[in-house]
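Hi everyone, thanks for coming. Let me put the structure up, and then we'll walk through it together.

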Amino acid sequence: MSWNGTRALVTGGAGFVGSHLVDALLAAGARVTVLDNLSAGRLANLRHMADHITFIEGDVRDEATAVSAVRGQEYVFHLAANADVPQSVKDPRTDFESNALGSYHVWRACLAAGVARVVFSSSAAVYGEPLRRPMDEEHPLRPISPYGASKVAGEILGFAYYHTYGLPFTAMRIFNAYGERLGRYVIYDLLAKLERSPDDLEVLGDGRQVRDYCYVADTCRAFLDAAQCEGALGQAINVAGGHPLTIADLVALLLRLLRLEGRTHVHYTGSSWQGDIKALHADTGKAQRLLGFTPQVPMEEGLSRVIAWLRRERGWTFGGQL
Ligand SMILES: NC(=O)c1ccc[n+]([C@@H]2O[C@H](COP(=O)([O-])OP(=O)(O)OC[C@H]3O[C@@H](n4cnc5c(N)ncnc54)[C@H](O)[C@@H]3O)[C@@H](O)[C@H]2O)c1
(Lines give C-alpha, C1' and ligand atoms only; values in the text may rest on other atoms or scores of the structure.)
Protein backbone atom coordinates (compact mmCIF):
# COMPACT_ATOMS: atom_id res chain seq x y z
CA MET A 1 0.00 0.00 0.00
CA SER A 2 1.03 3.56 -0.51
CA TRP A 3 0.67 6.78 1.44
CA ASN A 4 0.73 8.97 -1.63
CA GLY A 5 -2.04 11.57 -1.40
CA THR A 6 -3.69 9.99 1.65
CA ARG A 7 -5.03 12.32 4.36
CA ALA A 8 -3.55 11.75 7.81
CA LEU A 9 -4.09 13.49 11.13
CA VAL A 10 -1.41 13.39 13.82
CA THR A 11 -2.69 14.50 17.22
CA GLY A 12 0.21 15.58 19.41
CA GLY A 13 2.16 16.19 16.20
CA ALA A 14 4.14 19.10 17.66
CA GLY A 15 5.64 16.77 20.27
CA PHE A 16 8.73 14.63 20.14
CA VAL A 17 7.43 11.39 18.57
CA GLY A 18 4.58 13.16 16.75
CA SER A 19 6.86 15.53 14.83
CA HIS A 20 8.97 12.59 13.64
CA LEU A 21 5.80 10.80 12.58
CA VAL A 22 4.83 13.87 10.55
CA ASP A 23 8.26 13.76 8.89
CA ALA A 24 7.75 10.10 8.02
CA LEU A 25 4.23 10.66 6.64
CA LEU A 26 5.32 13.62 4.50
CA ALA A 27 8.28 11.65 3.17
CA ALA A 28 5.83 8.88 2.22
CA GLY A 29 3.61 11.35 0.33
CA ALA A 30 0.71 11.82 2.78
CA ARG A 31 -1.18 15.09 3.28
CA VAL A 32 -0.78 15.81 6.96
CA THR A 33 -2.79 17.76 9.53
CA VAL A 34 -1.49 18.25 13.06
CA LEU A 35 -3.71 18.87 16.10
CA ASP A 36 -1.81 19.95 19.21
CA ASN A 37 -2.53 22.20 22.19
CA LEU A 38 1.20 23.05 22.52
CA SER A 39 1.15 22.19 26.24
CA ALA A 40 4.37 20.21 25.81
CA GLY A 41 4.92 20.31 22.05
CA ARG A 42 6.72 23.12 20.25
CA LEU A 43 6.06 24.77 16.91
CA ALA A 44 9.84 24.71 16.46
CA ASN A 45 9.53 20.91 16.05
CA LEU A 46 7.43 21.53 12.92
CA ARG A 47 9.21 24.61 11.57
CA HIS A 48 11.13 22.76 8.86
CA MET A 49 7.87 21.43 7.38
CA ALA A 50 5.51 24.29 8.26
CA ASP A 51 4.67 24.94 4.58
CA HIS A 52 3.68 21.33 3.99
CA ILE A 53 1.20 20.69 6.79
CA THR A 54 -2.04 22.06 8.18
CA PHE A 55 -1.64 22.98 11.83
CA ILE A 56 -4.61 23.22 14.21
CA GLU A 57 -3.93 24.55 17.68
CA GLY A 58 -6.54 22.76 19.77
CA ASP A 59 -7.22 20.38 22.61
CA VAL A 60 -8.56 16.82 22.43
CA ARG A 61 -10.31 17.42 25.77
CA ASP A 62 -12.78 19.42 23.70
CA GLU A 63 -14.93 16.99 21.73
CA ALA A 64 -15.94 19.49 19.03
CA THR A 65 -12.25 20.19 18.33
CA ALA A 66 -11.55 16.48 17.95
CA VAL A 67 -14.55 16.02 15.65
CA SER A 68 -13.60 18.88 13.36
CA ALA A 69 -9.92 17.84 13.17
CA VAL A 70 -10.78 14.21 12.34
CA ARG A 71 -13.44 15.04 9.73
CA GLY A 72 -12.24 14.14 6.23
CA GLN A 73 -9.19 12.17 7.44
CA GLU A 74 -8.39 8.63 6.29
CA TYR A 75 -5.76 7.82 8.92
CA VAL A 76 -5.56 9.14 12.45
CA PHE A 77 -2.46 8.74 14.62
CA HIS A 78 -3.47 9.66 18.15
CA LEU A 79 -0.43 10.76 20.15
CA ALA A 80 -1.79 13.81 22.01
CA ALA A 81 -1.38 13.07 25.69
CA ASN A 82 0.36 14.06 28.82
CA ALA A 83 3.43 11.87 28.31
CA ASP A 84 5.18 12.73 31.55
CA VAL A 85 4.89 10.22 34.43
CA PRO A 86 5.94 12.60 37.27
CA GLN A 87 3.51 15.20 35.89
CA SER A 88 0.71 12.58 36.08
CA VAL A 89 1.61 12.00 39.73
CA LYS A 90 1.41 15.74 40.43
CA ASP A 91 -1.75 16.38 38.41
CA PRO A 92 -3.64 13.12 37.75
CA ARG A 93 -6.81 14.95 36.71
CA THR A 94 -5.25 16.75 33.75
CA ASP A 95 -3.46 13.53 32.82
CA PHE A 96 -6.72 11.55 32.89
CA GLU A 97 -8.66 14.20 31.00
CA SER A 98 -6.09 14.46 28.20
CA ASN A 99 -5.20 10.78 27.95
CA ALA A 100 -8.47 8.99 28.70
CA LEU A 101 -11.28 11.48 28.00
CA GLY A 102 -9.30 12.98 25.07
CA SER A 103 -8.89 9.50 23.58
CA TYR A 104 -12.62 8.83 24.01
CA HIS A 105 -13.31 11.99 21.98
CA VAL A 106 -10.89 10.91 19.26
CA TRP A 107 -12.35 7.38 19.02
CA ARG A 108 -15.88 8.78 18.70
CA ALA A 109 -14.75 11.31 16.10
CA CYS A 110 -12.98 8.55 14.13
CA LEU A 111 -16.10 6.41 14.15
CA ALA A 112 -18.25 9.31 12.95
CA ALA A 113 -15.74 10.18 10.20
CA GLY A 114 -15.39 6.56 9.04
CA VAL A 115 -11.59 6.63 9.05
CA ALA A 116 -9.68 3.72 7.51
CA ARG A 117 -7.53 3.27 10.64
CA VAL A 118 -6.76 4.91 13.95
CA VAL A 119 -3.40 4.12 15.52
CA PHE A 120 -3.04 4.85 19.23
CA SER A 121 0.31 5.70 20.77
CA SER A 122 0.07 3.55 23.88
CA SER A 123 2.86 2.82 26.31
CA ALA A 124 4.77 0.09 28.11
CA ALA A 125 3.53 1.91 31.23
CA VAL A 126 0.29 -0.07 30.79
CA TYR A 127 2.13 -3.21 32.00
CA GLY A 128 3.64 -1.88 35.24
CA GLU A 129 6.39 -3.95 36.85
CA PRO A 130 7.05 -7.13 34.87
CA LEU A 131 5.74 -10.46 36.13
CA ARG A 132 7.96 -12.06 33.47
CA ARG A 133 10.62 -10.82 31.08
CA PRO A 134 10.57 -10.03 28.24
CA MET A 135 6.99 -8.73 28.32
CA ASP A 136 4.78 -9.77 25.42
CA GLU A 137 1.40 -8.23 24.66
CA GLU A 138 -0.40 -10.87 26.76
CA HIS A 139 1.34 -9.66 29.91
CA PRO A 140 -1.26 -8.44 32.46
CA LEU A 141 -1.95 -4.70 32.55
CA ARG A 142 -1.07 -3.51 36.06
CA PRO A 143 0.00 0.15 35.76
CA ILE A 144 1.76 1.74 38.74
CA SER A 145 1.26 5.42 37.83
CA PRO A 146 -1.73 7.63 36.97
CA TYR A 147 -0.10 7.96 33.53
CA GLY A 148 -0.06 4.17 33.02
CA ALA A 149 -3.68 3.97 34.16
CA SER A 150 -4.83 6.72 31.79
CA LYS A 151 -3.06 5.01 28.86
CA VAL A 152 -4.82 1.72 29.76
CA ALA A 153 -8.14 3.59 29.83
CA GLY A 154 -7.57 5.06 26.36
CA GLU A 155 -6.43 1.71 25.00
CA ILE A 156 -9.17 -0.54 26.36
CA LEU A 157 -11.82 1.94 25.33
CA GLY A 158 -10.35 1.80 21.82
CA PHE A 159 -10.58 -1.99 21.84
CA ALA A 160 -14.13 -1.82 23.22
CA TYR A 161 -15.04 0.49 20.32
CA TYR A 162 -13.37 -1.94 17.92
CA HIS A 163 -15.45 -4.85 19.22
CA THR A 164 -18.70 -2.93 19.73
CA TYR A 165 -18.82 -0.50 16.81
CA GLY A 166 -16.10 -1.76 14.47
CA LEU A 167 -13.68 1.14 15.07
CA PRO A 168 -10.59 0.19 13.00
CA PHE A 169 -8.20 0.44 15.94
CA THR A 170 -4.57 -0.52 16.58
CA ALA A 171 -2.58 0.23 19.75
CA MET A 172 1.20 0.58 19.58
CA ARG A 173 2.82 0.13 23.00
CA ILE A 174 5.98 2.22 22.87
CA PHE A 175 8.64 1.28 25.40
CA ASN A 176 11.21 4.11 25.22
CA ALA A 177 11.65 6.19 22.09
CA TYR A 178 14.61 8.54 21.73
CA GLY A 179 16.09 10.75 19.04
CA GLU A 180 16.54 14.33 17.91
CA ARG A 181 14.07 16.89 19.40
CA LEU A 182 13.92 14.96 22.66
CA GLY A 183 13.27 17.53 25.38
CA ARG A 184 12.91 15.35 28.49
CA TYR A 185 13.10 11.79 29.85
CA VAL A 186 16.20 9.94 31.00
CA ILE A 187 18.53 10.34 28.01
CA TYR A 188 17.83 14.04 27.65
CA ASP A 189 18.08 14.63 31.41
CA LEU A 190 21.45 12.87 31.61
CA LEU A 191 22.82 14.87 28.68
CA ALA A 192 21.46 18.14 30.11
CA LYS A 193 23.14 17.41 33.45
CA LEU A 194 26.41 16.58 31.70
CA GLU A 195 26.21 19.83 29.76
CA ARG A 196 25.73 21.76 33.02
CA SER A 197 28.47 19.92 34.95
CA PRO A 198 30.59 17.46 32.98
CA ASP A 199 32.66 16.55 36.04
CA ASP A 200 29.78 15.29 38.21
CA LEU A 201 26.69 13.37 37.22
CA GLU A 202 23.87 12.58 39.61
CA VAL A 203 21.69 9.73 38.35
CA LEU A 204 18.26 8.99 39.83
CA GLY A 205 17.93 5.41 41.06
CA ASP A 206 20.56 2.71 41.55
CA GLY A 207 21.54 2.33 37.88
CA ARG A 208 19.93 -1.10 37.63
CA GLN A 209 16.65 0.04 36.07
CA VAL A 210 16.26 -1.58 32.66
CA ARG A 211 15.10 0.28 29.55
CA ASP A 212 14.37 -0.93 26.03
CA TYR A 213 15.13 1.97 23.72
CA CYS A 214 14.11 2.37 20.10
CA TYR A 215 15.31 5.15 17.82
CA VAL A 216 12.33 7.35 17.00
CA ALA A 217 12.47 6.92 13.19
CA ASP A 218 12.21 3.14 13.73
CA THR A 219 9.26 3.68 16.08
CA CYS A 220 7.51 5.83 13.44
CA ARG A 221 8.10 3.27 10.70
CA ALA A 222 6.30 0.70 12.86
CA PHE A 223 3.36 3.13 13.23
CA LEU A 224 3.07 3.66 9.46
CA ASP A 225 3.35 -0.05 8.70
CA ALA A 226 0.76 -0.92 11.37
CA ALA A 227 -1.71 1.62 9.96
CA GLN A 228 -1.81 -0.22 6.65
CA CYS A 229 -1.50 -3.77 7.97
CA GLU A 230 -4.71 -5.80 7.95
CA GLY A 231 -3.33 -8.17 10.58
CA ALA A 232 -2.73 -5.27 13.00
CA LEU A 233 -6.43 -4.42 13.16
CA GLY A 234 -7.73 -4.82 16.73
CA GLN A 235 -4.22 -5.60 17.99
CA ALA A 236 -1.87 -4.21 20.63
CA ILE A 237 1.74 -4.30 19.43
CA ASN A 238 4.94 -3.67 21.39
CA VAL A 239 7.42 -1.25 19.78
CA ALA A 240 10.91 -1.39 21.22
CA GLY A 241 14.51 -1.92 20.26
CA GLY A 242 14.50 -5.39 21.80
CA HIS A 243 17.98 -4.77 23.28
CA PRO A 244 17.41 -3.91 26.94
CA LEU A 245 20.14 -2.10 28.81
CA THR A 246 20.53 -0.84 32.36
CA ILE A 247 20.72 2.84 33.19
CA ALA A 248 24.32 2.22 34.33
CA ASP A 249 25.08 0.80 30.84
CA LEU A 250 23.41 3.82 29.27
CA VAL A 251 25.46 6.21 31.40
CA ALA A 252 28.68 4.39 30.44
CA LEU A 253 27.75 4.55 26.75
CA LEU A 254 26.97 8.27 26.91
CA LEU A 255 30.24 9.02 28.72
CA ARG A 256 32.16 7.04 26.09
CA LEU A 257 30.44 8.86 23.19
CA LEU A 258 31.13 12.22 24.87
CA ARG A 259 34.72 11.22 25.67
CA LEU A 260 34.05 11.92 29.34
CA GLU A 261 35.10 8.48 30.70
CA GLY A 262 37.55 8.89 33.54
CA ARG A 263 36.52 12.51 33.97
CA THR A 264 32.91 12.40 35.16
CA HIS A 265 32.24 11.23 38.68
CA VAL A 266 28.90 9.34 38.62
CA HIS A 267 26.72 9.30 41.72
CA TYR A 268 23.54 7.21 42.01
CA THR A 269 20.83 8.60 44.32
CA GLY A 270 19.50 5.11 45.17
CA SER A 271 15.83 6.01 44.85
CA SER A 272 13.99 6.97 41.70
CA TRP A 273 10.86 8.99 40.96
CA GLN A 274 7.32 7.86 41.80
CA GLY A 275 5.83 5.74 39.07
CA ASP A 276 9.23 4.68 37.68
CA ILE A 277 9.06 1.10 36.38
CA LYS A 278 12.22 -0.79 37.32
CA ALA A 279 12.45 -3.09 34.32
CA LEU A 280 11.13 -2.48 30.82
CA HIS A 281 12.04 -5.25 28.42
CA ALA A 282 9.87 -5.97 25.40
CA ASP A 283 9.11 -9.09 23.48
CA THR A 284 8.92 -7.64 19.96
CA GLY A 285 8.02 -10.91 18.23
CA LYS A 286 4.53 -9.72 17.31
CA ALA A 287 5.83 -6.58 15.60
CA GLN A 288 8.29 -8.74 13.71
CA ARG A 289 5.64 -11.25 12.65
CA LEU A 290 2.91 -8.75 11.70
CA LEU A 291 4.96 -5.83 10.39
CA GLY A 292 8.33 -7.36 9.60
CA PHE A 293 9.61 -4.85 12.15
CA THR A 294 13.35 -4.78 12.82
CA PRO A 295 14.91 -1.63 14.26
CA GLN A 296 17.50 -0.25 11.85
CA VAL A 297 19.40 2.22 14.01
CA PRO A 298 21.66 0.78 16.73
CA MET A 299 21.75 2.57 20.09
CA GLU A 300 25.27 3.92 19.65
CA GLU A 301 24.40 5.46 16.28
CA GLY A 302 21.10 6.89 17.55
CA LEU A 303 22.72 8.44 20.63
CA SER A 304 25.47 9.94 18.45
CA ARG A 305 22.75 11.59 16.36
CA VAL A 306 21.08 13.03 19.49
CA ILE A 307 24.42 14.38 20.74
CA ALA A 308 25.22 15.87 17.32
CA TRP A 309 21.76 17.51 17.27
CA LEU A 310 22.26 19.04 20.74
CA ARG A 311 25.68 20.37 19.69
CA ARG A 312 24.23 21.82 16.47
CA GLU A 313 20.88 23.15 17.70
CA ARG A 314 21.72 24.17 21.26
CA GLY A 315 25.46 24.77 21.03
CA TRP A 316 26.09 22.24 23.82
CA THR A 317 29.75 21.33 24.26
CA PHE A 318 29.66 18.81 27.16
CA GLY A 319 32.75 20.29 28.73
CA GLY A 320 34.75 20.36 25.49
CA GLN A 321 35.17 22.75 22.58
CA LEU A 322 32.49 23.36 19.97
N1 LIG B 1 8.51 9.10 24.14
C2 LIG B 1 8.35 7.86 24.59
O3 LIG B 1 9.34 7.14 24.87
C4 LIG B 1 6.96 7.29 24.78
C5 LIG B 1 6.82 6.05 25.42
C6 LIG B 1 5.56 5.51 25.56
C7 LIG B 1 4.45 6.15 25.05
N8 LIG B 1 4.59 7.36 24.46
C9 LIG B 1 3.38 8.03 23.96
O10 LIG B 1 3.66 8.62 22.70
C11 LIG B 1 2.97 9.86 22.57
C12 LIG B 1 3.94 10.97 22.27
O13 LIG B 1 4.89 11.08 23.32
P14 LIG B 1 6.09 12.13 23.28
O15 LIG B 1 7.22 11.53 24.01
O16 LIG B 1 6.27 12.59 21.89
O17 LIG B 1 5.49 13.29 24.20
P18 LIG B 1 5.29 14.84 23.87
O19 LIG B 1 4.85 15.48 25.14
O20 LIG B 1 6.51 15.38 23.21
O21 LIG B 1 4.09 14.82 22.83
C22 LIG B 1 2.73 14.88 23.23
C23 LIG B 1 2.08 16.02 22.47
O24 LIG B 1 0.70 16.06 22.80
C25 LIG B 1 0.32 17.42 23.01
N26 LIG B 1 -0.82 17.40 23.93
C27 LIG B 1 -0.84 17.06 25.24
N28 LIG B 1 -2.09 17.13 25.73
C29 LIG B 1 -2.89 17.51 24.69
C30 LIG B 1 -4.28 17.74 24.57
N31 LIG B 1 -5.09 17.61 25.62
N32 LIG B 1 -4.76 18.13 23.37
C33 LIG B 1 -3.93 18.28 22.30
N34 LIG B 1 -2.61 18.07 22.35
C35 LIG B 1 -2.09 17.68 23.54
C36 LIG B 1 1.55 18.09 23.60
O37 LIG B 1 1.58 19.48 23.41
C38 LIG B 1 2.67 17.38 22.84
O39 LIG B 1 3.00 18.07 21.65
C40 LIG B 1 2.18 10.04 23.86
O41 LIG B 1 0.87 9.58 23.64
C42 LIG B 1 2.90 9.16 24.86
O43 LIG B 1 2.02 8.71 25.87
C44 LIG B 1 5.82 7.95 24.31
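In this predicted model, the largest nonpolar core holds 87 residues, and the members that touch the most others are Met172 and Phe223. Helix α7, residues 216-227, provides the largest share of this core, with seven residues. Both domains take part as well: the core draws at least three residues from each of domain 1 and domain 2.

Let's stay with Met172 for a moment. Which residues is Met172 in contact with, leaving aside its neighbours within four places in sequence? The list is Val119, Phe120, Ser121, Ser122, Ala222, Phe223, Ala226, Ile237 and Val239.

Now, the domains themselves. Domain 1 covers 7-177 and 214-239, while domain 2 is made of 180-211, 243-279 and 297-314. Their C-alpha centres are 26 Å apart. Where they meet, 20 residues of domain 1 are in contact with 13 residues of domain 2. On the domain 1 side, α1, α3 and α7 each supply at least two residues, and α3, residues 85-90, gives the most, with four. By class, that side has ten nonpolar, six polar and four charged residues.

Last stop, the ligand. How many residues surround the ligand? There are 27, and the closest are Gly12, Gly15, Gly41, Ala80 and Ala83. At least two residues of this shell come from each of α1 (16-28), α4 (92-113), β5 (117-123) and β7 (176-178). The element that gives the most is α1, with three residues. As for class, the shell has twelve nonpolar, twelve polar and three charged residues.

Terms used: Residues numbered from 1 in each chain as written. Predicted model: local features only at pLDDT ≥ 70, side-chain atom pairs only at ≥ 80, totals over all residues. Core = buried A, V, L, I, M, F, W, Y, C linked by C-beta atoms within 7 Å. Buried ≥ 20, exposed ≤ 12 C-beta atoms within 10 Å, placed from the backbone. Domains from an automatic or database assignment. Contact = placed C-beta atoms within 7 Å. Near = placed C-beta within 6 Å. Nonpolar A, V, L, I, M, F, W, Y, C, P; charged D, E, K, R; others polar.
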